[in-house]
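This report describes selected helix packing and sheet architecture. The sequence and structure are shown first.

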Amino acid sequence: METTTLPPSSPTPRAPARAERQPRIRHYQNWLRAQRGLEFADYDALWRWSTTELDAFWQSIWDYFDVQSPTPHSAVLAKNVMPGAQWFPGAQVNYARQVLRHAEPAHAAGQPALIAHNERGAARELSWPELRRQVAAVALHLRAQGVQPGDRVAAYLPNIPETIVAFLACASIGAVWSVCAPDMGTHAVLDRFRQIAPKVLIAVDGVSYAGRDIDRSAVVEELRAGLPSVQHVLLVPDLDKAKTIADSACWTTACSRNDAQVAQFEPLWLAFDHPLWIVYSSGTTGLPKPIVHGHGGMVLVMLQLGALHNDVGCSYDPETFGERFHWYSSTGWVMWNAQVGGLLAGTTCVLFDGSPGGSRDQPDWTVLWRLAAETGVTFFGSGAAFYANCMKAGIRPEQCGDLSRIRALGSTGSPLSAEVQQWGSDFMAAAGVTDIWWANISGGTDFAGAFLGGNRELPQHPGRLQCRMLGAAVEAWDDAGQPVFDAVGELVCTQPIPSMPICLWGDEDGARYRASYFEMFPPGHGRRPGGGDLPPEAGSVWRHGDWIAIGSAAQPGCVIYGRSDATINRHGLRMGTSEIYAAVEALPEVLDSLVVDLEYLGRDSFMPLFVVLRPSAVLDEALQGRIRAAIRQSLSPRFVPDEIVQVAQVPRTLSGKKQELPIKKLLLGQPLEKVVNRDAMANPECLAWYQDYAAQRNAASASRHSATV
C-alpha cells in the first residue's frame, strides 16, 4: 500500500469572506419557514411535527439536502407498519453517487476528501478526484470478477482510506458491503460472514496496534478456507509490501487503473431500499444478527444525524469552510459508518488507524488530541470511555498542540458521566475553547443512527443528552406500555425511521427480526403518530433494549441508564448500571468497574461489584469504605454492593461495551460457552478468572443449600 508522508499539517486556511456560522439545524428551520411556511415555537414543537407528520418531515429532509433521483417516488411513507415500512417507492438513489457529487466543488475549494494517519507515523491525504478515480477503478475490478448487484463483498480491513474506497466501490455497483475489523479472530469473523455467503473477500495482511505489528495473513487464509462462497480475494498490503497470498489479486494493481472507462464510470441508480451494507449485533451469545440497511434510508438518516444534529458542515461551504470531521472508531463499530457518512455532506474526514491510548508499556492518551491539532479537526468524536481514560490519565492541553479549531466534542458508545463531560469542557477551556459544545448521541448498530442527540441551540446539562432526534418518535414506557417522564422506562420508538433494517439476512419469514425488536408490546399499541393505538395490522413499536429517562420542562434532556436487561432492580428501586459506574469510577483509585445483580427467579439479591484499580492502589477496608460511601451518597444505600472484588480486567466486547449480562448469567450457573462468544470480546483472557469465581460461589451456595435441607 503506497503511502505519502506529509509534512506536519497546518490548519486549513479559512475562506476569505467567512460568514458567521449558524447551527445547521437553524438553517434547516429557516428553510422550512421560507419553503414550507412552517414555523415552530421551540425545538419540542419541531420534534413533535417531525414525528407526527412523517411524510412532510422526511420529504423535507429529501428536499433540503437535494437528494436526487431520475424517477419520482409515488409516496414518502407508503406503508406505515413495523416492521415492513415502505419508504419512497419508485425513487432511485446511490450512496456513492451522493458522496461523489461533491468531488468537483470540494476540490476546487482546495479541500481533501480524506486525511489519514496511523500510529506508525504515516500521513496521507486523498483528494476528491483521486477518491472518485480509485472508487471507479475498484468498482470496475469487482465487476470484472462477476460481482453483480446484490452480491455480497466481505472486508477484513482497518480504519484506512482503502476501506472507504472499497465500500464506495461496492455501493456504486449495487454490491452489498460487510466489514469486520482485523482485531477480530477467525471464528468471530466466520460467524458473521458465513451467514451472508460473500462472493469476494477484501482483506489486509496485517495491522499495527498499540506499538505491535500484527500479521493477519494466516487469518486471511483461514477465512478464505472457511468461506466456500468466495470466488476472489483482493489483498491490501499494509505490513509487508512483498507478501502475497496464493490466488489473490493485489489491491495496489486494481486501484491504480486510470483509463477512459474509469473516467466515464458512474454509480448505478438503485431502488431506494436496495441493500447497502450488512452490520452485526454484538453477538455475545449465539450467532450475531446480520442487519441489512438500504441505500436511501442511510443517505437520509446519515445526513439528518451528521449535518443537522451533529452540526457537521460542508468543507467547501463559505460558512463552514475547512470543516474537518473526526470520530475515532474501528471498522467493527457502527461509528465507522457514521464517520464515512460525513462524506455525504461534502465534509473532509480525518481517520486514525491504531490505538487511541498508546501502547501497554507506554500509555499515551494524547494521541488523538495531537492528531486533531496537527490536522485542524473541528469536530472531535470518540467513545465515552475514551474521555474517561483521558481524565484519569490527567492529560493537559499543552501536551497536545493547538486544539483551538475544535468547536464540538462527540460522545457515544456508553453513557457519558457528568463528571467526565465537565472535565472535557474544562480541558477545552484550558486549550482556549471556552464555548465547547458536546454532541452526545445514543442509538445503535441496529438502525445505524441515533435516537437521542444534540442541538447546538439547546442548553447543555453535563451527563444528559440534549434531545430526541428529529423523526425519532422515542418514548420511555413503563411496564404497562404507558409513557413516563422524569422516570426510568423502556426505550421505544413508536414510528418507523428510514434506516431501520430492511431485514436480517437469511431471516426468510422475518421471525428473528420481529423477535429482536417488536415482541415486547402488543401490536398496534401506541402506534398512532402523536399517541394512541392503531389496529394490530400496524405492528408493534420498536423496543430498543435500553433504559431511558426523558425529561420534562423542569429538567430537560434525556439520560440513558444502560441496557434494560442488565439494569439493577434492588429492593424495589430500579437503577441503571451507568449511574453506579459514574459514582464508583469517579474515585481516583478506580480505573474500571462492573456490577451485576443476581436476583433471579426468587433468589435473594446478591450484587457483587468488580473493580479494576490503579497499579498503586490496594482494595483495603478504607478504599472499600470510600466506594460504598460514594454509592450511598450519589445514589442510595440500597445500591451498596454486597461484595467488592478486585479484578484485573472488566470483560468488554470488541466495540468496548461492558459485558454485564454474560457475567450475570455465568454467576447464575450457566456454562461459559453458552453465555459468551470469546471471539466477539476485546479481552477474552479475563474470562478464566470470572469462571473460577462463579464456580467457587456456586459451589459455596450449593453447600449452604444442602446443609439446610
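## Helices α15 and α16

Helix α15 passes helix α16 in a left-handed crossing, a term used when the near helix is turned anticlockwise from the far one by less than a right angle. In this predicted model, local features need pLDDT of at least 70 and side-chain atom pairs count only at pLDDT 80 or more, whereas totals for chains, interfaces and linings use all residues. Residues are numbered from 1 along each chain as its sequence is written, and side-chain values use heavy atoms, with hydrogens and water left out. Helices (H or I, at least four residues) and strands (E, at least two) are DSSP runs, numbered from the N terminus.

Helix α15 (residues 384-393) and helix α16 (residues 418-430) pack at about 70°, with their axes 9 Å apart; axes are lines fitted to C-alpha atoms, for helices over the stretch in contact, and angles run from 0 to 180 degrees between N-to-C directions. The two helices α15 and α16 are therefore roughly perpendicular, the class for angles of 65 to 115 degrees. Y387, A388, C390 and M391 of α15 meet E419, V420 and W423 of α16, where contact means heavy atoms within 4.5 Å. By class, this contact of α15 with α16 has six nonpolar residues, no polar residue and one charged residue. Here Ala, Val, Leu, Ile, Met, Phe, Trp, Tyr, Cys and Pro count as nonpolar, Asp, Glu, Lys and Arg as charged, and the others, Gly among them, as polar.

## The seven-stranded sheet

The order β5-β4-β17-β16-β18-β19-β20 describes an open sheet of seven strands with mixed pairing; two strands pair if DSSP finds at least two bridges between them. Strands β5 (123-126) and β20 (437-440) stand at the edges with a single partner strand each, so one side of each has no neighbour in the sheet. The twist averages 20° from one strand to the next.

## Strand β18 and its surroundings

Five of the five residues of strand β18 (residues 379-383) are buried, so β18 is largely enclosed by the rest of the structure; buried means under 20% relative accessible area (1.4 Å probe, protein chains only). Strand β18 pairs with β16 (residues 324-327) in the parallel sense over three bridges, and W327 stands opposite G381 in β18. Five bridges join β18 to β19 (residues 408-412), again in parallel, with S382 opposite S411 in β19.

Helix α15 lies across β18, β19 and β20, running at about 95° to β18.

Notes: Angles under 35 degrees count as roughly parallel, over 145 as roughly antiparallel, 65 to 115 as roughly perpendicular and the rest as oblique. Buried means under 20% relative accessible area, exposed over 50%, partly exposed in between (1.4 Å probe, protein chains only).
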